[in-house]
Amino acid sequence: MTADCWSLLGISPTEDESVIRKAYARRLRDFRPDEDPVGFQGLVEARKAALLETEWRAKRQGRELADDDEDFKYEVDEKLRSSISVKDQYDLTPDRYASAIPHEPDQLTRLITSLDLLVNTLRPVVTEAPASRLWVADPWTKLFDQAANELDLESHDAFLQVVATKIDCLFPPYDRKYLTSLAAYGEGKGIAAVANVIEEHARFSERRPFLFNYCSRSSAYNYLGWVDVARAGRNILDRLAEGKTAYFRENIPIFPAHEEPNEVDGSNLSRYYRHALELGRWPMSFNLTKFFLPSYAVARSFHRPLGLLMILLTLAAFILSFMAKTSTVLYVTTAFLCPLIAVRIYFAAQFKKFHILRLAKRTISADKYRIWDPLLRFAYQNSNISWKSDLLSRASMPVELFIVVILLINVFVSYAAIWREGPLYAKPAEQIVVDTVLFALDRSTKSTEFYYSHFFDVFSQIRSGDADGFPLRVLGGGVTAGELPNKLWLPQVMGARRRLEASLTSQQQFDERLLGVHKNRDKKLKALYFLYQAGDPALRVSIEETLLLFTGVMHPPYDEESEHWQRTLWKIIPPRQPHELYPSEVELFHSKVLQLFISIVGTRTSNISETQILTQLRFLLSAKGSDLIAKISLKEFKPIPDDGLSQIIIPDTNLPSDRLLRALLKGHIPDIGHHGMFQGVRGVTLPSEIAHIQSIDVSTARKVYFETASSLSSGGSPAFVLDVLNSSLADIPSRLHPGTADFWISGAINLVKAATENAEFDPTKRYYFTTENEDVKILARQIIEGRF
């Protein structure tokens, strides 16, 4: 027992009796007779043994102890303890204490006097207590330590009885606004620090019936409120001192008392958290409703990296689903969609874990920033905890749901289209193309109504392997549709065929005014049908490419002028008979090509230099219409490499985007050292005033020129268009270069001058602009109105 007595008292062997008494008083808090009689008896025996050992050592050194019966001074009378039940210890009345407890008047009276002095010092400043410097814990600590050292157990309980009576009206009303910092509390200052000292020695929160018996209930509850604040502050300081180990048990967070997670958005986090603590790991869980949680809400309220990943995957898959013209893009879309679903399943399975970890992170942060006001602390810990309370999160839910539904529909439709055409994947791709084209050419000649968009869409889908119209198939080979890299090619071709078939079977009223267009169209389609049916693969590809050249310029005629233009185009499409075209039709084609070029380079061209634009314009102006038409012919096709699956890309990025212009301008971009004006077309007469606008860039000036040219030439005869364009370039001073804004502004001024001098000019004509650039519109309008 000798060795155990010191460990039970929690001190090292010593000869100082005061140290033993203080240790005994401290340990009394852990071994109260009403709660642990066995432990209390052991503590008494340990104290007795320690004092006996001290006495023995003193005698061995020739020193006698001052009081031989000191060992039994604080021993509790066994009869008294046995006569008071545990229940009665919580119901002690003053009379029962007076009859049962032997007092030590001198010591107890002196301590009560000191207590009265402390209380009387604080009570005058209760209303201003938070600002008073008198709330210091040290005097109270010394008082309670002195009571523990000098009083026996019965007298100590009598002292606590007096303390309980003094608590009445001792503390100011509990107000959370006083609780803003741990600094004073850590230094033993403030109301919470005093309340903490009283609670540590008296344990009134554990003996509430005792407390309520000696002070009013309101004062008792007020005291207990301050005790809760003190306990929270003490816990924060202890955890900060211990570091991370105070917050986590392995990977499971440890929350302070009264701060464990509760139910949030219908999820019982408290039960899940306790289960995790019992297992020592996170238990399995799956919340199906959280699978559909908006990505923004996940990033905002639960797990930011996971939420951002969901957003990126959703947007990437959604954008790619609309670009799924090839099976490669479709597979990439699926590759984004699968991890998106997997991430959402993972989040639904780990939702409670993420939620609890987020609460733990916010709790650690609240401790770090010394937030211990209960209301402020709760608000800080639970900020952004419920996505339903956030307007943006709720608004993003239908948007994201719509995106995901459209994404799934697009992907499903693509795979369904592949599945629908399953039997055709075993057929040779060449045979599928031949059957489809012959169907389009034959049925279009037998229908009274012709749908341009559906007809040309068939050829566009067949040639969809490359933007320049080169085939995706191997000519003359036995490659099946299933062996092609793009598995969506077949559904796209068959879809275009079905749309054309549906349009040809619809009943439409025949317009007799368009009889000339119908005759030219049917005649040309029949010729192409027989050529395609009898031709070899090279000729077939040439027919497909030739028809695709006219996709952008062929449309249903809407007036007499457009009817004449469409009739001419059907005559220009090869094969043509010699001298089949009239000179007026050749001139019309020449002027229309010029107008098409002007429209495109004035609005859509951005990756071509001004010098190259001028050179192409010069070529179109100087070329003969018959030469341009001759370039459109059925020609020998050069087969693609042996592997048959690679795509050929022609570097013609400097050409306008229209197919017909590409064919006409391809190979006609010589390298010119100067712009080479059209001298001699008309007499060179400089404009009276050249607009020199430094604030305008050359690209805007070029767009002004072509916008003006497009407006002035609209509806004009071929001769008028050629004359005006030639004159506008001929009258530009040779010192100006096409790389400057002055060159194109001067050309625009010359356009207006040449148009007004032409006999065909109509001064009452209204001019329309196609550009969306307001600066270009304003400047072009000023030039046309003659303000320069």
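Hi everyone, let's begin with a pair of helices. The axes of helix 28 (residues 610-622) and helix 31 (residues 698-713) come within 11 Å of each other and cross at roughly 20°. Before going on, a word on the source: this is a predicted model, in which local features need pLDDT of at least 70 and side-chain atom pairs count only at pLDDT 80 or more, while totals for chains, interfaces and linings use all residues. Residues are numbered from 1 along each chain as its sequence is written, and side-chain values use heavy atoms, with hydrogens and water left out.

Helices (H or I, at least four residues) and strands (E, at least two) are DSSP runs, numbered from the N terminus. Axes are lines fitted to C-alpha atoms, for helices over the stretch in contact, and angles run from 0 to 180 degrees between N-to-C directions.

So how do helix 28 and helix 31 lie relative to each other? They are roughly parallel, where angles under 35 degrees count as roughly parallel, over 145 as roughly antiparallel, 65 to 115 as roughly perpendicular and the rest as oblique. Their crossing is left-handed; that means the near helix is turned anticlockwise from the far one by less than a right angle, and clockwise would be right-handed. On the helix 28 side, Glu 610, Ile 613 and Leu 617 meet Val 698, Ser 699, Arg 702, Tyr 705 and Phe 706 of helix 31. Contact here means heavy atoms within 4.5 Å.

Helix 31 also crosses helix 27 (residues 583-603), with axes that come within 8 Å and an angle of roughly 145°. This crossing, too, is left-handed. The residues that make the contact include Phe 597 and Ile 598 of helix 27, and Arg 702 and Phe 706 of helix 31.

Pro 574 and Pro 575 are joined by a cis peptide bond, with omega about 5°. Pro 575 is found in the loop between helix 26 (560-572) and helix 27.

One more helix pair: the axes of helix 32 (residues 718-730) and helix 33 (residues 741-757) come within 8 Å and cross at roughly 135°. That angle makes helix 32 and helix 33 oblique to each other, and the crossing is right-handed. Among the residues in contact are Phe 720 and Val 724 of helix 32, with Gly 747 and Leu 751 of helix 33.

Now let's step back. How many helices and strands does the protein have? There are 34 helices and 4 strands. Buried residues make up 49% of the 788 residues; buried means under 20% relative accessible area, exposed over 50%, and partly exposed in between (1.4 Å probe, protein chains only). Of the contacts between residues at least 6 apart in sequence, 76% join residues at least 24 apart.

Next, the rings. The whole structure holds 21 aromatic pairs. Rings of Phe, Tyr and Trp (its six-membered ring) pair if their centres lie within 6.5 Å; planes under 30 degrees apart count as stacked, over 60 as edge-to-face and the rest as tilted. Phe 347 and Phe 354 are a stacked pair, 6.1 Å centre to centre with 20° between the planes, and both are buried. Tyr 529 and Phe 530 have ring centres 5.5 Å apart and planes at 80°, so this pair is edge-to-face. Buried or exposed, then, for Tyr 529? Tyr 529 is buried at 19% relative accessible area, whereas Phe 530 is exposed at 54%.

There is also a cluster, in which ring pairs link Trp 135, Phe 171, Phe 204, Phe 210, Tyr 214 and Tyr 223. Over the face of Phe 210 lies Arg 207, at 4.4 Å from the ring centre. For a charge to sit over a ring, NZ of Lys or CZ of Arg must be within 6 Å of the ring centre and within 35 degrees of the ring normal. Arg 540 does this as well, its charged end 5.8 Å from the ring centre of Tyr 532.

Last stop: Arg 203, in the loop between helix 11 (191-202) and helix 12 (208-214). Arg 203 is not a glycine, yet its phi is positive, about 55°. Arg 203 is also buried, with a relative accessible area of 18%.
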